[in-house]
Amino acid sequence: MKRTPLHGALSAAFACFLVGGSFTANSLLGGYPYAGGQALRYGLAALILLSLVGRRAGAPLRALTGRQWARLALLAGVGMLGFNLAILAAERTAEPAVPGVFVGCAPVVVAVIVPAFAGHRPRPAVVQGALLVAAGAFAVQGWGRTDGMGIVWSVAALCGEVGFAVLAVPVLAPLGPKLLSAVVSGVAAVEAGVLGVVTEGSGWLRMPDVVEALALGWQAVVVTVVGFVCWYAGIQRIGPERATLFSGLIPVFAALTAPLAGTGGYGMAQLGGSLMVGVGVAVGSGVVRCPPWVGSHRGHRATLRPPRVGDLSGRTEHR
């Protein structure tokens, strides 16, 4: 079947749906060592993904340069482990909604910096849609109590969210979504192991109980294997600017599933914010006609084009 940009949009949306619905699993791991849990999760995901890729992984991996390996290590450290650690640190002195609001600004940052790195101006429709997504995410989550360090760590979480998309672009073309997901998961597992030994000593890893094992298995198989592949497939088809718009759906899906898990409610503020996120995604991704106040794009119907390329309520450690 021919892969169209619509497939990319659907892949990105589905990945964010999986992330948004994963908070119940996160809540079941509160007593498990952080580094050990991340090592198990990413290690299992890497093994599954490598088995799916098979022998095709050999040639692309051998062709990677030292600089590309360094980028993959940075992607795993910043966009996965660093992001999760920043969220945990922020929530020590800030309510969970605070880092969630900052992470909701990721579409705006990506919409601006990706074109800047490429030497051209941001697309007005994408920036406009990103602003709507960020505002909608704020409406869904609200604001909470915090202090200076809570803001600092929330900004760090925003940087991790941006890095998860932007750092992957140059290595996505040579590896593809499956192999890229496998490699960064494997690298993240190693980094988590080193982090655990350094910070927690011999207590960094223990045998999980049944509930913890099920939660880790869900995160590894569903959120990481399926979610990562869908996310990077989306970036490959529609580019990081438009794909990151769909991250605004994460708090929406989290809010929708919160009543089912008994961890929150869904009221008028969540409904209004969800609609705003939906409009922002539709405008920025080109699904609907750009509003008439988009400058030079007045009256022009935006289209999805393949790019040229080389995871809030409650806990948000979703990578």
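The protein chain has 13 helices and zero strands, and it should be kept in mind that this is a predicted model. Reading along the sequence gives a plain pattern, α-α-α-α-α-α-α-α-α-α-α-α-α. Of the 319 residues in the protein chain, 52% are buried. The chain still exposes about 14,100 Å², and carbon and sulfur atoms supply 69% of that area.

Now for the inside. The largest nonpolar core contains 59 residues, and Leu180, Trp231, Tyr232 and Phe246 have the most contacts inside it. Helix 10, which covers residues 169–200, gives the most to this core, with 12 residues. Apart from this core lies another one of nine residues, including Val98, Ala106, Val162 and Val166. As for what tryptophan 231 actually touches, leaving out residues up to four places away in sequence, the list runs to Ser11, Ala12, Ala15, Cys16, Phe164, Ala165, Ala243 and Thr244.

Buried residues in helix 1 are Pro5, Gly8, Ala9, Ser11, Ala12, Ala13, Ala15, Cys16, Leu18, Val19 and Gly20. So Ser11, Ala12, Ala15 and Cys16 of this buried set are also residues that tryptophan 231 touches, with contact here meaning heavy atoms within 4.5 Å.

Phe164, another partner of tryptophan 231, leads on to the aromatic rings. The structure holds four aromatic pairs. In one of them, the ring centres of phenylalanine 164 and phenylalanine 228 sit 5.2 Å apart with the planes at 65 degrees, so this pair counts as edge-to-face. Phenylalanine 164 belongs to helix 9 (residues 148–166) and phenylalanine 228 to helix 11 (residues 210–245), so the pair ties together parts that are 64 residues apart in sequence. Both phenylalanine 164 and phenylalanine 228 are buried.

Phenylalanine 164 also pairs with tyrosine 232, this time in a tilted arrangement, 5.5 Å centre to centre and with 45 degrees between the planes. Here too helix 9 meets helix 11, with phenylalanine 164 in the former and tyrosine 232 in the latter, so the pair ties together parts 68 residues apart in sequence. Ring pairs link Tyr42, Phe164, Phe228 and Tyr232 into a cluster. Tyr232 is also one of the residues with the most contacts inside the largest nonpolar core.

A search of the whole structure finds one salt bridge. It joins glutamate 212 and arginine 206, whose closest N and O atoms are 2.9 Å apart. Are these two residues buried or partly exposed? Glutamate 212 has a relative accessible area of 7%, so it counts as buried, whereas arginine 206, at 34% relative accessibility, is partly exposed.

Finally, there is helix 13. Its 18 residues (268–285) reach 26 Å from the first C-alpha to the last, close to the 26 Å expected at 1.5 Å a residue. Gln270, Gly273, Ser274, Val277, Gly280, Val281, Ala282, Val283, Gly284 and Ser285 are buried in this helix. Just after helix 13 comes glycine 286, which takes a positive phi of about 90 degrees.

Methods. Residues are numbered from 1 along each chain as its sequence is written. This is a predicted model: local features need pLDDT of at least 70, side-chain atom pairs count only at pLDDT 80 or more; totals for chains, interfaces and linings use all residues. Side-chain values use heavy atoms; hydrogens and water are left out. Helices (H or I, at least four residues) and strands (E, at least two) are DSSP runs, numbered from the N terminus. Buried means under 20% relative accessible area, exposed over 50%, partly exposed in between (1.4 Å probe, protein chains only). Accessible areas come from the Shrake-Rupley method with a 1.4 Å probe; for residues, only the protein chains shown count as cover. A salt bridge is a side-chain nitrogen of Lys or Arg within 4 Å of a carboxyl oxygen of Asp or Glu. The expected span of a helix is 1.5 Å times one less than its number of residues. A nonpolar core is a set of buried Ala, Val, Leu, Ile, Met, Phe, Trp, Tyr and Cys residues joined through side-chain atoms within 4.5 Å. Rings of Phe, Tyr and Trp (its six-membered ring) pair if their centres lie within 6.5 Å; planes under 30 degrees apart count as stacked, over 60 as edge-to-face and the rest as tilted.
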